[in-house]
Amino acid sequence: MFADILGPEKNGYVRTYGPGKNVTEYFGARPTKIELLRQLDTSRREANERVQQIQKEASEQVNDVKKQMDEKLAEMNRIWEQKFKMLLEKNNNIASPMEDSQNDEIGG
């Protein structure tokens, strides 16, 4: 369809942008291999820095979660210890009257 309207392809020119505008003027010159290698090195370095930053943040978040879980575990242990003590006290209180009544029966 483009070929029907605009005519045959003219190498090196940007279509529909106007006369005289070539690819180099529009997109810029082609980078050299050295420039491409520098860009690649920069991109790799930036990506590695970002990965390290994300790993550090993730590690900090894991440590925060571990700390919270340790605190919750300590609180639950404290609550269970209190409940166990209360249970022991109730058991001792129930056992004491039985012992007293048994002692009364034996001694009486």
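Accessible area is computed here by the Shrake-Rupley method with a 1.4 Å probe.

**Figure 1. Overview of the protein chain in the predicted model.** The protein chain exposes about 10500 Å², and carbon and sulfur atoms supply 55% of that area. Of its 108 residues, 2% count as buried. The chain has three helices and zero strands, so that the order of elements from the N terminus reads α-α-α.

**Figure 2. Confidence along the protein chain.** The average pLDDT is 82, and 65% of the residues score at least 70. Confidence is lowest in helix 1, residues 2–6, where the mean is 66. Helix 3 has the highest confidence, with a mean of 89. Where pLDDT is low, the predicted coordinates should not be read in detail. The close-ups that follow show side chains.

**Figure 3. The salt bridge between D41 and R45.** This is one of two salt bridges that the structure holds. The closest N and O atoms of D41 and R45 are 3.3 Å apart. Both residues belong to helix 3 and stand four residues apart, which means that about one helical turn separates D41 from R45. D41 is partly exposed, with a relative accessible area of 42%. R45 is also partly exposed, and its relative accessibility is 43%.

**Figure 4. The salt bridge between R78 and E75.** Here the closest N and O atoms are 2.4 Å apart. R78 and E75 lie in helix 3 at a spacing of three residues, about one turn of the helix. The relative accessible area of R78 is 38%, so R78 counts as partly exposed. E75 has a relative accessible area of 35% and is likewise partly exposed.

**Figure 5. A nonpolar surface patch formed by F84, L87 and L88.** Together the three residues have about 310 Å² of accessible area. One of them, L87, lies in helix 3, which spans residues 33–107. L87 has a relative accessible area of 55%; exposed means over 50%, so L87 falls in the exposed class.

**Figure 6. K83 over the face of W80.** K83 is placed at 5.3 Å from the centre of the W80 ring. The view shows a charge over a ring.

Conventions. Residues numbered from 1 in each chain as written. Predicted model: local features only at pLDDT ≥ 70, side-chain atom pairs only at ≥ 80, totals over all residues. Heavy atoms only, no water. Helix = DSSP H or I, 4+ residues; strand = E, 2+ residues; numbered from the N terminus. Buried < 20%, exposed > 50% of the residue type's maximum accessible area, 1.4 Å probe, protein only. Patch = residues over 30% accessible without salt bridge, like charges linked within 9 Å, V, L, I, M, F, W, Y side chains within 5 Å. Salt bridge = Lys/Arg side-chain N within 4 Å of Asp/Glu carboxyl O. Lys NZ or Arg CZ within 6 Å of the ring centre and 35° of its normal. pLDDT = per-residue confidence, 0-100.
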